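Subject: Structure handover

Hi,

Here is the structure I promised to pass on to you. Please open it alongside this email, and my notes on what was found follow just below.

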Amino acid sequence: MDGTDSSPRPRRPSSSPSVAEAKDLVAQAEYAAATLSQAVGASATLATSSLQRREAIAAYAAQLSVVQSRRSELDEAIASAETLADELASLREERLSKFMSGYDLINSRLQETYRMLTVAGGSAQLSLVDAGGDPFAEGIAFDVSPPYKGWRPVQNLSGGEKTLASLALTFAIHAFAPNAVYVLDEIDAALDRHNVGIVAAYVRRRTQRLSAEQAGTAADVPGAQFIVVSLRDEMYGCNLLGTDRLIGIAKIDNCTRSFVLDPAREVDRLNSE
């Protein structure tokens, strides 16, 4: 035997991992890193989502406050509109009541006055055009039946008939709402001599105060002043002593002049001469 030892020598155990183990450790590390990254991302997402939710809730609360404020304003506007509607309805009822009260009085006085002016009879009346009885919807019709004639609208009357009907309506309104002064401009232009005298006498009577019983009203009807413009002798001649003043307009030497006469004084002067 030679001195060389050919028996196998025992190996010392190695402290470094194998390639497979190393790959496994690397995979585990990568998995842990990925899991950590996902966790970090999820946490960031949750934080961002929470912030967005808080911002959305704050915006919603602000919008809700605006809506509630506007709803409150709307409720107030609706309540105000309902109050105004009730007031308007009340005013309309009051207007209708007052109008119909005057309408009935004027209509009654119209019939009486027209018969006094025509002497021979006849009728005149006002009527509501609207079948529902609303005078403000379609207005009022004025129909007249002259003596010995049938009913017809006032616009279909002759000139003289229109004059008498218009005067009757004017004096009927005077019983309801008296005026202090009336200006009658040539109202006798379309009248015959007989009717001119009747109108002149009636105008003079209307200058006198009427008691409530005479006028058929709730209160006395005061007299009115009348300024009558006329070219008819019958208008002022037949009523000379009842006229307070006569004012004449004449053209003398190419100049317009006026003359004011006191009829009563002139009559006294003539009688004394």
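Let me start with the second largest pocket, which has a volume of about 180 Å³. Its lining is made up of 14 residues, and those closest to the pocket centre are Thr118, Pro147, Glu161, Leu164 and Asn195. H1 and H3 are the elements that give two or more residues to this lining, and H3 gives the most, with three. Sorted by class, the lining of the second largest pocket has eight nonpolar, three polar and three charged residues. Do bear in mind throughout that this is a predicted model.

Next, the largest pocket. About 930 Å³ of space lies in it, and 26 residues line it. If you want to centre your view there, Phe226, Val228, Thr243, Arg245 and Leu246 are the lining residues nearest the pocket centre. At least two lining residues come from each of H4, strand S5 (225-229), helix H6 (233-237), strand S6 (246-252) and strand S7 (255-261). S5 gives the most to the lining of the largest pocket, with five residues. The lining of the largest pocket divides into 16 nonpolar, seven polar and three charged residues.

Now for the packing. The largest nonpolar core holds 29 residues, and Phe142 and Val199 touch the most other members. Each of the following supplies at least two residues of this core: helix H1 (19-118), strand S1 (123-128), strand S2 (140-145), helix H3 (159-176), strand S4 (181-185) and helix H4 (193-205). H3 gives the most to the core, with six residues.

Which residues does Val199 meet, leaving aside its neighbours within four places in sequence? The contacts are Leu117, Leu164, Leu167, Ile187, Leu191 and Met235.

H3 deserves a check of its own. The buried residues of H3 are Gly160, Glu161, Thr163, Leu164, Ala165, Leu167, Ala168, Phe171, Ala172, His174 and Ala175. Of these, Leu164 and Leu167 are both in contact with Val199.

Over in strand S6 you will find Ile249. Is Ile249 buried or exposed? Ile249 has a relative accessible area of 61%, over the 50% cut-off, so it counts as exposed. Leaving aside neighbours within four places in sequence, Ile249 is in contact with Thr256, Arg257 and Ser258. Ile249 and Phe259 are 10 residues apart in sequence, and their C-alpha atoms are 6.5 Å apart in space.

Finally, two backbone angles to look at:

- Glu186 lies in the loop between S4 and H4. Phi of Glu186 is near 50 degrees, a positive value in a residue other than glycine. Glu186 counts as partly exposed because its relative accessibility is 37%.
- Asn254 is in the loop between S6 and S7. Phi of Asn254 is near 60 degrees, again a positive value in a residue other than glycine. Asn254 counts as exposed because its relative accessibility is 69%.

Notes: Residues are numbered from 1 along each chain as its sequence is written. This is a predicted model: local features need pLDDT of at least 70, side-chain atom pairs count only at pLDDT 80 or more; totals for chains, interfaces and linings use all residues. Side-chain values use heavy atoms; hydrogens and water are left out. A nonpolar core is a set of buried Ala, Val, Leu, Ile, Met, Phe, Trp, Tyr and Cys residues joined through side-chain atoms within 4.5 Å. Buried means under 20% relative accessible area, exposed over 50%, partly exposed in between (1.4 Å probe, protein chains only). Helices (H or I, at least four residues) and strands (E, at least two) are DSSP runs, numbered from the N terminus. Contact means heavy atoms within 4.5 Å. On a 1 Å grid over the protein atoms alone, a cavity is a set of points where a 1.4 Å probe fits but cannot get out, and a pocket is an open set with protein on both sides within 12 Å along at least five of seven lines; lining residues have an atom within 4 Å of a point. Grid points are joined across faces, edges and corners, and a volume is the space filled by probe spheres set on the points. Ala, Val, Leu, Ile, Met, Phe, Trp, Tyr, Cys and Pro count as nonpolar, Asp, Glu, Lys and Arg as charged, and the others, Gly among them, as polar.
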